[in-house]
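Subject: Structure for you to look at

Dear colleague,

Here is the structure I said I would pass on. My notes on what was found in it follow below.

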Amino acid sequence: MRVAFIGPVGSGKSSQAQRLSWSLPFYNRSPRLSTGDLVRAQIEARTPLGARIGALHDAGEPVPDGVVFDLLLPHVRTAGGFVLDDFPANAGQAEILDAELEERGAGPLRHVISLEGPSDDELVGRVLGGRVHSRATDAAYHLKNDPPPGPEKRLDPGPFERRSDDTEESLRRRLGAYRREHALLKEHYEARGVLTVIDAGRPLDKVAEGVLDALGHPENPQYYAV
Ligand SMILES: Nc1ncnc2c1ncn2[C@@H]1O[C@H](COP(=O)(O)OP(=O)(O)O)[C@@H](O)[C@H]1O
């Protein structure tokens, strides 16, 4: 399946993308692709590219589109499908992605799920109220709404930490940027007939049910089709 989750920060893109990718039969790799995780991996590994983008990241500047595509495209499998988490972020990136997929013979995105509904205050409250990420797997959890698994489950060793850029100021800046780009991004996929809007204000499991409804449910072979 070729699916992308879009929506404002805190709407649940990573949570839903990781649930979906864990439910798919990819035992040796995660089909979830997050550009944020790919950027952070370069910085953490202290590659020459990581040093360059780390400076931008620290200054709160966006990473240039060219770098984002260079990091993402090697992971875009033409045969197996993928789950994009928080990408594309604007209509310009969506157009470049469409062209790249076509050039690689990968086929266009089949589903774009837009998670929306909660107000900016609700999203900020949700993230500051307990979002943590695993340093080992990059998975997102919430101390109250979606607690990290205990060590006995052997699913994710953690440690589970609050990210340094999950501050009110940074969240509001990201929400502002998103609100400016969102309408055009949605229009882009609406025109291609692949957009589904899901109310992200409901509990996580209800949102996940909405995602399954949009994708066609695992018992239906169409669900796995690339
Ligand atoms: N529907 C929901 N209700 C309550 N909490 C949620 C919901 N969806 C996600 N969360 C939690 O809120 C935080 C933000 O979700 P996340 O998936 O990280 O959002 P995004 O990737 O869109 O920024 C996480 O801590 C997550 O566990």
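Leaving aside its neighbours within four places in sequence, which residues is G10 in contact with? This is a predicted model, and in it the contacts of G10 are L123, V124, R126, V127 and L171. G10 itself sits in the loop between β1 (2-6) and α1. A residue counts as buried when 20 or more other C-beta atoms lie within 10 Å of its own; G10 has 26 such neighbours and is therefore buried.

With residues up to four places away in sequence not counted, K13 touches F5, G7, D85, D86 and L115.

Under "binding site", the unreviewed entry lists G10, S11, G12, K13, S14, S15 and R202.

Now the ligand. The shell around the ligand holds 22 residues, of which G12, S14, S15, R131 and H142 come nearest. Two or more residues of the shell are given by each of α1 (13-23), α6 (120-128), β6 (140-142) and α8 (204-215). Sorted by class, the shell has eight nonpolar, eight polar and six charged residues.

As for the chain as a whole, its secondary structure comes to eight helices and eight strands. The radius of gyration is 17 Å, close to the 17 Å that the globule rule gives for 226 residues, so the chain is as compact as a globular protein of that length. Along the principal axes, the C-alpha atoms fill a box of roughly 40 × 40 × 35 Å. Buried residues account for 31% of the 226 residues. Of the contacts with a separation of 6 or more, 72% join residues 24 or more positions apart.

D58 and D165 are 107 residues apart along the chain, and their C-alpha atoms are separated by 9.2 Å. D58 lies in helix α3 (residues 48-58). Is D58 buried or exposed? The cut-off for exposed is 12 or fewer other C-beta atoms within 10 Å; D58 has 11, so it counts as exposed.

Regards

How values were computed: Residues are numbered from 1 along each chain as its sequence is written. This is a predicted model: local features need pLDDT of at least 70, side-chain atom pairs count only at pLDDT 80 or more; totals for chains, interfaces and linings use all residues. A residue is near a molecule or strand if its C-beta atom, placed from the backbone, lies within 6 Å of it. Helices (H or I, at least four residues) and strands (E, at least two) are DSSP runs, numbered from the N terminus. Ala, Val, Leu, Ile, Met, Phe, Trp, Tyr, Cys and Pro count as nonpolar, Asp, Glu, Lys and Arg as charged, and the others, Gly among them, as polar. UniProt positions are given in the numbering used here, feature names are shortened, and annotations may be inferred rather than shown by experiment. Two residues are in contact if their C-beta atoms, placed from the backbone, lie within 7 Å. The radius of gyration is taken over C-alpha atoms; the globule rule is 2.2 Å times the number of residues to the power 0.38.
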